[in-house]
Amino acid sequence: MTQSVVVQVGQCGNQIGCCFWDLALREHAAVNQQGIYDEAISSFFRNVDTRVVGDGGSISKGKICSLKARAVLIDMEEGVVNEILQGPLRDVFDSKQLITDISGSGNNWAVGHKVFGSLYREQILEKLRKSAEHCDCLQCFFIIHSMGGGTGSGLGTFLLKVLEDEFPEVYRFVTSVYPSAEDDVITSPYNSILAMKELNEHADCVLPIDNQSLFDIISKIDLMVNSGKLGTTIKAKSLVTSSAGAVKKRHQKPFDAMNNIVANLLLNLTSSARFEGSLNMDLNEISMNLVPFPQLHYLVSSLTPLYTLADVNIPTRRLDQMFSDAFSKDHQLIRADPKHSLYLACALMVRGNVQVSDLRRNIERLKPSLRFISWNQEGWKTSLCSVPPVGHSHSLLALANNTCVKPTFMELRDRFTRLYKKKAHLHHYLQIEGMEESCFMEAVSSLSRLIEEYNQLDATKSMPVEDLPRLSIAM
Amino acid sequence: MSVVTVQLGQCGNQIGFEVFDALYSDSHCPQGLCSKRENEAYQASSKERFFSEEENGVPIARAVLVDMEPKVINQTLSKAAQSGQWKYAQHSCFCQKEGSGNNWAYGYSVHGPRHEESIMNLIQKEVEKCDSLSGFFIIMSMAGGTGSGLGAFVTQNLQDQYSNSLKMNQIIWPYGTGEVIVQNYNSVLTLSHLYRSSDALLVHENDAVHKICAKLMNIKQISFSDINQVLAHQLGSVFQPTYSVEGSCHYRRNPLGINWQIRPPLPGLPTLGKVSLNRELHFNTSIANLVILRGKDVHSADLGGFKDPALYTSWLEPIDAFNVWKTQRAFSKYEKSAALVSNSQFLLKPLDTIVGKAWNMFASKAYIHQYTKFGIEEEDFLDSFTLLEQIFHLKQLFKKRSQGSLGGAAVWRLPLAQGAILETQD
């Protein structure tokens, strides 16, 4: 069994990260009733004897003593991290896992990347090495951050290069929250474009998330709950959207529910690697199957169900509904419509009491309405994990490598261009040592090249699928 | 004579467990439908083949379990131990922490050489426990990374180290519509390598077994467990002891033979009376067929239909190509059962499909960077494609129609000696 380390950077990254750890603890508590420290828990948590001073307290087997998250928390302001450390999750984190500063990055990618990057490089390296040492077999770094700000965007992407150099064999999965069009940070287009270049070059796999999509999903659920459309047997409070029963009983803010969805995404992504099933899917398989060309590593995700049904013996029809939902544009975590774009590859990760015949039936049913690229007409990767998520009898996470990300990137480029043409706020960036206009130019070209790749693939959409002539053998 | 089983990857281990379970249950089935002495001879023979004895009487499967990540092996070991009736040897497992990521290159070029010594040592230990070794039964899938890549590597090693023993690979042909996106690449690489180092490939297609579960067995929600059990049942009915010659009083010593293929046993078949074959039906022509009959009335079964020349390629006499093994001892709960193993053209179409899809993907160079990262280059792919196209071409020439100016027997020695590809038939 392998381990993963979560690196949460900036306000957004840390808030999502916090939700993630909360949910992970709840999930393992529900599954692992005997309190034995097993391999599944060890993928994200260390077992530590807190009576031992210093570093030697790790326990590899037996009863759970004290769980510590395999995480590194980075923020250039103290507010968010302090809140975490004073909240109910404080025991899960070690003070040695934090890197904080006071002044913040001022929503400036350059400050995050260049200034804090060089300032904290050694410290970051040291903390990462420490967390890697605690792992038997480190497989993956999960980086959580936002693209629109300064710390998450700048320092978060600076990290990627450090990870690539220092741990070249360990996968870098990045969960990036992209700014929506109505984002209140004016410089978010600059930050995002500059960060995109780093993601293009140094990430193995990126899961783009859009705040607007998350918000729409939450609103839809609230609407359904309030209008009573779900019926009297429906429990609206599921692990997905509600923090009821959570360690931190806080007054619910909209971001909480939104962050929970992203946290669930990460849990479901790793469930088949942590828990048993009839068809396992490890993290290295995600990259292997879903990334046909190194640059095209952006995966659109969708999660179902988003609410619970009290009825546990769900008849087949409802199960099939789950599959249909995964492909509807309302369930995607970014604003995208995969059904009407071109699929390069698609992964279905199912949890719970779902068997291979259910999978096959639904793939057969949905296939005709989806367009796959000519050389990957049956481009499905599937996995079955027997352990369902807390509060549901089954769930589905669909990851698609689909050209529907293109509009998001194009919009981002447009917003950038509008701002850049006016040279608005540019001086804040250029006054940072190491930043020049060429940095911006390079970042935009990198994005344009990516968009062009997607364009070329889209162009094949209307072409008939023909079999290529095979090798002819002279006998 | 004993068989050492090597179970590779998730698929190999999951199936391996079901096979040993089926073999054990059958040999301890109280309803043998034969004399007590007969039953005891059967049990002893079966046990010697597949299990070795432990001090407290619990038989231990003659198996080596290999996987590059621990979850499945742990499950397999505990399931066997829980049955209380047989188990796997604790030290016959080789496990790593990080899987092969569905990457044939990783399984073959990284895990293979790295763990060669440990794995071959485990197999050697298992071989030493046998009084006499008949051969190896290697269970693997083609779609993933460990079963396929490491499986090909291990088979090659077995070829080098145990060239006198038979190596039979049970390969699982993946569902046509993806379990793994790169399954066609993995399959092409696996088949081309196994063709050179295996003696016989026993093929089960997931699609076919799935259909059996759905149509013949009426299972509503089919799980991999169901599929594996059907598979294990089929394999059990082929591998359990039989008599080779009418009237012989010893169970045949070598359970593995060349040139045959599996057909599912037909449960509850009323009589194996006259099997009338409709002449208009088109058969895949075979170069060899083996029928295994178990249970009541085996000696009076009329197998004339199997000797029909229409079943065989034109340059073979049915008498040379058809064999039958029998035993009165019934298999599992079935009063009568039959299994057909044949070496025929049935696999042409699936092979064609897989090679075609892999070729299309290869032409676009998709996913190739994942393989070159670990030492499998484009030339290696091309070599594999070439070999498979050759096989495909050869097998097509089995067709009766092409009466062949190909020089008859000389040409065919190639596929027979180097590993016939065997398929399942519904």
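In chain B, three strands form an open sheet in the order β10-β9-β11, with mixed pairing. Strands here are DSSP runs of E of at least two residues, helices are runs of H or I of at least four residues, and both are numbered from the N terminus. Two strands count as paired if DSSP finds at least two bridges between them. Strands β10 (322-327) and β11 (336-344) of chain B stand at the edges with a single partner strand each, so one side of each has no neighbour in the sheet. From one strand to the next, the twist averages 15°. Axes are lines fitted to C-alpha atoms, for helices over the stretch in contact, and angles between N-to-C directions run from 0 to 180 degrees.

The structure is a predicted model, in which local features need pLDDT of at least 70 and side-chain atom pairs count only at pLDDT 80 or more, while totals for chains, interfaces and linings use all residues; side-chain values use heavy atoms, with hydrogens and water left out. Residues are numbered from 1 along each chain as its sequence is written, and chains are lettered from A and ligands numbered from 1 in the order in which they are written.

Within the sheet of chain B, strand β9 (residues 286-295) and β11(B) run antiparallel and are joined by nine bridges. In this pairing, A288(B) lies opposite N343(B) of β11(B). Helix α8 (residues 224-239) of chain B packs on the sheet and touches β9 and β11 of chain B, its direction making about 90° with that of β9(B). Contact means heavy atoms within 4.5 Å.

Chain A contains an open sheet of six strands with parallel pairing, in the order β5-β4-β1-β6-β7-β8. Its edge strands, β5 (98-100) and β8 (205-210) of chain A, each pair on one side only. Neighbouring strands of this sheet are turned against each other by 15° on average, direction ignored. Strands β1 (residues 3-9) and β6 (residues 138-146) of chain A pair in the parallel sense over six bridges, and V6(A) has F142(A) as its bridge partner in β6(A). Two helices of chain A lie across strands of this chain. Helix α1 (residues 10-31) of chain A lies across β1, β4 (71-75), β6 and β7 (171-178) of chain A and runs at about 140° to β1(A). Helix α4 (residues 109-133) of chain A lies across β1, β4, β5 and β6 of chain A, at about 165° to β5(A).

The interface between the two chains involves 52 residues of chain B in contact with 55 residues of chain A. The area buried between chain B and chain A is about 4,500 Å², of which carbon and sulfur atoms give 54%; buried area is the accessible area (1.4 Å probe) that two parts lose on being put together, summed over both. In chain B, K71(B), T177(B) and I181(B) lose the most area to chain A, together 15% of what that side buries.

Side chains of opposite charge can pair when their charged atoms come close. Two salt bridges are counted between chain B and chain A, a salt bridge being a side-chain nitrogen of Lys or Arg within 4 Å of a carboxyl oxygen of Asp or Glu. The side chains of D136(A) and K97(B) form a salt bridge (4.0 Å, N to O). Over all chains, the whole structure has 25 salt bridges. Among them, the side chains of E201(A) and K197(A) meet at 3.5 Å, N to O. Both E201(A) and K197(A) lie in helix α6 (residues 188-202) of chain A, four residues apart, about one turn of the helix.

Two local backbone features remain. Most residues other than glycine have a negative phi, and most peptide bonds are trans. A cis peptide bond, with omega about -10°, joins T304(A) and P305(A). P305(A) is in the loop between β10 (300-304) and β11 (308-309) of chain A. N102(B), a residue other than glycine, has a positive phi near 60° and is placed in the loop between β5 (93-95) and α4 (104-128) of chain B.
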